[in-house]
Amino acid sequence: MRAAIIGAGPSGFYTTGMLLSAGFAVDLYDALPTPFGLVRAGVAPDHPNIKAVTRVFTKTAKHASFRFFGGVEFGKDITREELLERYHAVVYALGTSDDNRLGIPGEDLPGSHAATKFVAWYNGHPHHNDHEYDLSVSRAAVIGNGNVAIDVARMLVLPPAELRATDTADHAIDVLEASKLEEIVLLGRRGPVQAAFTNPELRELGELTRADVIVDPADLALDPASEAMLAEADGTVTRNVEILRGYAARPPRGHPQRVVLKFLRSPIALLGDGKVEAVRLAINRIEASADGRLQAIPTGEEEEIACGLVIRSIGYRGVEIPGVPFDARRGLIRNLGGRVVDDTDTPLTGEYAVGWIKRGPSGVIGTNKKDAADTVARLLEDRDEGRLGAPELETTEDWVLEKAPDAVSWAGWANIDEHETGLGAPLGRPRVKLVHTAELHDVARSR
Ligand SMILES: Cc1cc2nc3c(=O)[nH]c(=O)nc-3n(C[C@H](O)[C@H](O)[C@H](O)COP(=O)(O)OP(=O)(O)OC[C@H]3O[C@@H](n4cnc5c(N)ncnc54)[C@H](O)[C@@H]3O)c2cc1C
Ligand SMILES: NC(=O)c1ccc[n+]([C@@H]2O[C@H](COP(=O)([O-])OP(=O)(O)OC[C@H]3O[C@@H](n4cnc5c(N)ncnc54)[C@H](OP(=O)(O)O)[C@@H]3O)[C@@H](O)[C@H]2O)c1
């Protein structure tokens, strides 16, 4: 049996491994010439250990029944219909490459950027290498209280020596090194108890070598609903609050830069004449909604913070592919437990979803393993009960090359990998990333 998996990020790779073990031949497609999704283009460059998971994926790729087709975009180079004619099962592992919108005046002023794009830029994603970020300003506001917001804040204050030891894209190193930023303000719309940070990431802010972390003790005063939530919270939330209290209590160490965490503040407008000059904030209080979720409710008080740069880090969002059922409200492929369904919730034959495009943009790399296991279990159940597709055509490499003449094989990726790590070695860096699509293809073809 043959399966096509679209997207070579963690969810695509975990699914690949499980389907190979179940006896499928697997073709893994990615729009980029390079594999690994957000492990290459999302995970912060100063967290190289996290990227070690690619060794597991590389082992999976050695299987005799595995083929990689990089640089092949689903929905453009190849269509859903073409895949369904050729595979018993098609698994969408597309990730969620777009960003949520604040929906406030001034959101698109120059100087206001989505974290999705900033992250892709510093990580050398070839579709995002031409962005421009003006870091000649003194204060940046990062909106959102998730781990991506922390990554962004940390990258903005990483000292040059630490930055140069990473695989940050060279174009980004040059801009980040020349930064004049003195202060990064992280803005959460809810309180410290509701922040989505995890402990190691929050703790790392306190270990920055060039920036003090500043928390106003008044910002940590909890309302009764948050007190009650904290009393029943898991260890992550409890420790987050402890870490924040530690920051509020400790005197600044005299570093030249500051990362300031502020809570209970929602941006209601970005202000400026032709570019961002300030963010206007509603000051919130916490109130329980009917379903028990603690919400941010504006108190009517407002404040403005002057800043020349805004990074909006309020979550990723899936992109609709024509023909594939899409839940536009949630920004996901319509699915029930991984089976793609139509608008009457009827499963479509041989179509599955996995990872962030299945369940939404949250969870760490490992979360996608369990998620892949769930989707694969349903796929195998459908196989055992004769509910998979009945393809009539084989997928030959010639067919793929007809559709995408520059398609990159696993051997092509190995060339890129060797080239990049070879450039990095004498500099003490894990790799120097190639950031232009044409160059990636040239190197892929080099041997
Ligand atoms: C900025 C950031 C930092 C993170 N840091 C960490 C961390 O330190 N540790 C951790 O454990 N987790 C981290 N995560 C979470 C982790 O990256 C995700 O859980 C994981 O990558 C989701 O996997 P995925 O396969 O669903 O999606 P992705 O990793 O996004 O992979 C999707 C793949 O699909 C491809 N694709 C998309 N559209 C098409 C198309 N039309 N045709 C063909 N291919 C397509 C993309 O090119 C991509 O390769 C981070 C996430 C972000 C956003
Ligand atoms: N080192 C790591 O392990 C690492 C690094 C990066 C990312 N990740 C993971 O990747 C996933 C995605 O991370 P993420 O940071 O993008 O998402 P996230 O954890 O969901 O955080 C999104 C943040 O945006 C806020 N937000 C949403 N809409 C908003 C609005 N309109 N106005 C103001 N704030 C708004 C949310 O607040 P509310 O809570 O109020 O909605 C939340 O604080 C997470 O699971 C994360 O843990 C892990």
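Helices α15 and α16 are roughly perpendicular to each other, because angles of 65 to 115 degrees are classed in this way. The model is predicted, so local features need pLDDT of at least 70 and side-chain atom pairs count only at pLDDT 80 or more, while totals for chains, interfaces and linings use all residues. Residues are numbered from 1 along each chain as its sequence is written, and chains are lettered from A and ligands numbered from 1 in the order in which they are written.

**Helix packing.** The axes of α15 (residues 410–424) and α16 (residues 437–444) come within 7 Å and cross at roughly 105°. Axes are lines fitted to C-alpha atoms, for helices over the stretch in contact, with angles from 0 to 180 degrees between N-to-C directions. Helices (H or I, at least four residues) and strands (E, at least two) are DSSP runs numbered from the N terminus. In this packing, G412, W413, N415, I416 and H419 of α15 meet L440, V443 and A444 of α16, contact being defined by C-beta atoms, placed from the backbone, within 7 Å. By class, the contact of α15 with α16 has 5 nonpolar, 3 polar and no charged residues. Here Ala, Val, Leu, Ile, Met, Phe, Trp, Tyr, Cys and Pro count as nonpolar, Asp, Glu, Lys and Arg as charged, and the others, Gly among them, as polar.

**Strand pairing.** Strand β12 (residues 278–288) pairs with β13 (residues 294–306) in the antiparallel sense over 10 bridges; pairing requires at least two DSSP bridges between the strands. A282 stands opposite E302 in β13. The two strands, β12 and β13, form a hairpin with 5 residues between them, and G292 in the turn has a positive phi of about 90°.

**Ligand surroundings.** A residue is near a ligand if its C-beta atom, placed from the backbone, lies within 6 Å of it. The shells divide by class as follows.

Of the 36 residues around ligand 1, G7, G9, G37, G95 and G355 come nearest. Helix α1 gives the most to this shell around ligand 1, with 3 residues. Domain 1 (2–97 + 318–408) and domain 2 (102–312) both contribute to the shell, so ligand 1 lies between them; the domain bounds come from an automatic or database domain assignment.

Ligand 2 has 26 residues around it, of which G144, N145, G146, N147 and V148 come nearest. Helix α6 (residues 147–157) gives the most to the shell around ligand 2, with 4 residues. Ligand 2 also lies between domain 1 and domain 2, because both give residues to its shell.

Definitions and conventions:
Parallel < 35°, antiparallel > 145°, perpendicular 65-115°, else oblique. Contact = placed C-beta atoms within 7 Å.
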